[in-house]
There are 2 protein chains.
Amino acid sequence: MPASAELGPVPDAIARAYDPSRFRADGHRLIDQLADHLAACTSATDDGLPVIPWLAPADMLPRWPADFADQPADDLVDTLTATAAGSIRLHHPRYLGHQVPPPVPGAALADAAAALLNNGMAVYEMGAVATGQELAVVAWMARVLGMPDTAGGLLTSGGSVGNLTALLAARQAAAGFDAWTDGADAGPPLAVLVAATAHYSIARAVRVLGWGAGGAVEVAVDERYRMRADDLTRAHAAAVAAGRRPIAVVASAGSTATGAYDPLPAIADFCAAHGLWLHVDGAHGASAALSAQHRHLVDGIERADSVVWDAHKLLAMPALCTAVLYKDVTRSYQAFAQEASYLFAAEREWWNLGLRTVECTKRMMGTILYASLRAYGVGFFRAYVERVFALGQAFAARVAAAPDFELAASPDANIVVFRYRPEPELGGAALDELQAVIRRRCLEDGRWYFLSTRLGGALWLRTALMNPLTGVRELDGVLDAIRSAAAAVQR
Amino acid sequence: MPASAELGPVPDAIARAYDPSRFRADGHRLIDQLADHLAACTSATDDGLPVIPWLAPADMLPRWPADFADQPADDLVDTLTATAAGSIRLHHPRYLGHQVPPPVPGAALADAAAALLNNGMAVYEMGAVATGQELAVVAWMARVLGMPDTAGGLLTSGGSVGNLTALLAARQAAAGFDAWTDGADAGPPLAVLVAATAHYSIARAVRVLGWGAGGAVEVAVDERYRMRADDLTRAHAAAVAAGRRPIAVVASAGSTATGAYDPLPAIADFCAAHGLWLHVDGAHGASAALSAQHRHLVDGIERADSVVWDAHKLLAMPALCTAVLYKDVTRSYQAFAQEASYLFAAEREWWNLGLRTVECTKRMMGTILYASLRAYGVGFFRAYVERVFALGQAFAARVAAAPDFELAASPDANIVVFRYRPEPELGGAALDELQAVIRRRCLEDGRWYFLSTRLGGALWLRTALMNPLTGVRELDGVLDAIRSAAAAVQR
């Protein structure tokens, strides 16, 4: 045997790093730190704890230098505790920010288990239990949406990749030629019909697929920023006139900026009449289907050919956990027709989920949602959706009732777009500038976190009410904070 | 104020789910369960604990039913403990399987912190600390590879998405037309030159981008499955003759099936001479750069225009954590030129990483690697790489020395492809069938976990030695187990 056959004992650095007793000790310390952090967040009621400890980008870099030494330097739990201290606090009731939820804490524990087990899931045997759990949650999600028995799908890492995956399936099903094998130039340029209010990942996916900017043909929206189904005929004709073959309509449920739900039944009728694939981007809002009170918003979603639904939005899971659901699950295989010999013995192996995702190795996302559904019950998820939607209604009502505030549109969901307009005659660039200054001032102050967005050419303030622990105190408080910020600016 | 302004107190189901004391109690219980699981895995030395508790797909589904009730059903920690019990055990020394590592356990703890904090990272303010940490680890990775000061990049969810991202940048930089805006049909069909030994995500990305099967033009490999740089001229001419514009060479460091490293200096010379983008898929093997002993394998990688490097392979991180590195970081902006008004005030904001990824919301991947580099030191990661490469050498030497085994090729890294050939006259379909039966038998038996792959039309056995706790006992033991499996079959 040659010299290279020699193999020494496991080096000390490795034995120490993999020592289960070290994991146990660090783990217990970390749990206490995170529980303390969580308790501080959830019980924060005044100005004592910032929701966002703001640091400008240039000031942040020196805090986390890239000077990694050969030997261990900082304690793991200390680094993570410092990370928590500097991070934006999603569990703080004053977190009124992006469409990222404060995860239900047990899901973070499930995440640790998923990370340690690290079953890779590209093929069944590398994540058999996780595959079983994923197929269970996907089946449940399809059922919640009222999709037919032929439905099915998979989980993938995020709504953007999910939308890309669904458009790949649409391309293969509806283009009329085999773009996967023969390329984009084997047929006419393709297009999807979509409102400008859709998430930017749709426009991005269209460009990734090589359809260019013209591949997303705009459909008009109404005064509440919902797609106008009666504009689809015009948009379809415009695409054809531009030399394109429309293959799909992409509807939002709800849209990103305002949370508006496009009218799915009318859109589904149009798709049926014209042989178009219907993709519903329900990343944010498909969860409304859990609630009898809000189900009407997604009526028609069961007719979609594909749906994207982020569990890391209104199912309160940590990022990322996105379901791509198909009315006819066999469509999901056609999106990725080629084969890796070292992985797949044959196509159409329903148990090898890697045949149907952009991803190869994949996290055990299904495990996290599965364990959470068992531990909290569907009732918790329904209560979560109803609570944050109620927050949206309650906040919109306050904005509408306040003489110095203006509401962009009555909200369908938990996203409210509004602005501070102390005098009716204030408008144009000055009004925009006021919102920008308020927003910047509150961000840097750190006691409140909300957003801004452009809508109809103007700048508005925006909040996605993702934290179910937010209450009346915060809804009133943020309006006062905005008034104070404006007053400080105007002084 | 209308009735919808009314907002009740936080419902009980939500208060209970978000209760920090419940998180603390569940967390401590889970840490003990996971530590016990880890200890059982790392100390497994005999047949007592299976590495893969095999269940056929059809038998797995009923174990994880989709019958989620409205009320809480199963305890969170119980579900996760059962998940661990049924999962493949990557920390078991007999895990000789896929290119997914047993994560260094502290990284799983960091994962829990990242999941609970859940800072979304599409824009700086939603993950300011995580952005600082990500930029630190990315800068460190570029430095480890010897890339120039202009280099930079970002983290993304997995090597497949990473390769797609890099090819988007290549398309924008090298196509000679603006495919992002004007579409694929604004110029000639494009092509990349790549060996058939590259990961299937390259062929997949080419098809996603609309270049079709012909968009990946094959370059020949040598007897050790490395790209033959002297075949690039022919491949380039073949692409041109097929009416395509070659824009890039995709080199593997190392390749998936055998871990072979393509000859980067010669490939870089060819790219420089022909104005081609050089993308190096170092998902598996870029980590060799950490070791003075193995650095030579990736010499030339510093000349690549883009590199993909998975920290969730040979940096022992849990999936997913992939770096996309660019020689000129400004290239990374050009891949995604459009803008979401609600997110980005301007382009080229280096602190808003969402401008440069397929993803919008992104996990705090950088936090996990950052905390691990601090806690374990670079020396640990070097020791990890050197250990698993030494395992590859030691196992290959054993295979080569065994008269009844055959080695496909001398390994560059920690991947060994081999087969059982008890009689030299055994060949063809019978030899293939023997490997298939051995592999299936051992998989279902569960005491050992290794793979099979097709190479040169024949079926071989394959192992990726990812567990640094694997030792001589396992390297010898698996050969005996294969002999026993074959004997049982032949009886």
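This is a predicted model: local features need pLDDT of at least 70, side-chain atom pairs count only at pLDDT 80 or more; totals for chains, interfaces and linings use all residues.
Residues are numbered from 1 along each chain as its sequence is written, chains are lettered from A and ligands numbered from 1 in the order in which they are written, and side-chain values use heavy atoms, with hydrogens and water left out.

**Salt bridges**

I looked up Glu302(A), which forms a salt bridge with Arg295(A), with 2.9 Å between the closest N and O atoms. Glu302(A) counts as partly exposed because its relative accessibility is 25%; buried means under 20% relative accessible area, exposed over 50%, and partly exposed in between (1.4 Å probe, protein chains only).

Helices are DSSP runs (H or I, at least four residues), numbered from the N terminus. Arg29(B) is partly exposed at 36%, and Asp78(B) is partly exposed at 46%.

I then turned to Glu444(B) and Arg440(B), whose side chains meet in a salt bridge of 3.1 Å, N to O. Both lie in helix H15 (residues 428-445) of chain B, four residues apart, about one turn of the helix. Glu444(B) has 43% relative accessibility and counts as partly exposed; Arg440(B), at 40%, is also partly exposed.

**Aromatic pairs**

I recorded 28 aromatic pairs over all chains, where rings of Phe, Tyr and Trp (its six-membered ring) pair if their centres lie within 6.5 Å; planes under 30 degrees apart count as stacked, over 60 as edge-to-face and the rest as tilted. One of them is Phe68(A) with Trp140(B), edge-to-face at 5.9 Å centre to centre and 80 degrees between the planes. Phe68(A) lies in the loop between helix H3 (57-60) and helix H4 (76-86) of chain A and Trp140(B) in helix H6 (residues 128-144) of chain B, so the pair joins two chains. Phe68(A) is buried at 10% relative accessibility, as is Trp140(B) at 5%.

Note on methods
A salt bridge is a side-chain nitrogen of Lys or Arg within 4 Å of a carboxyl oxygen of Asp or Glu.
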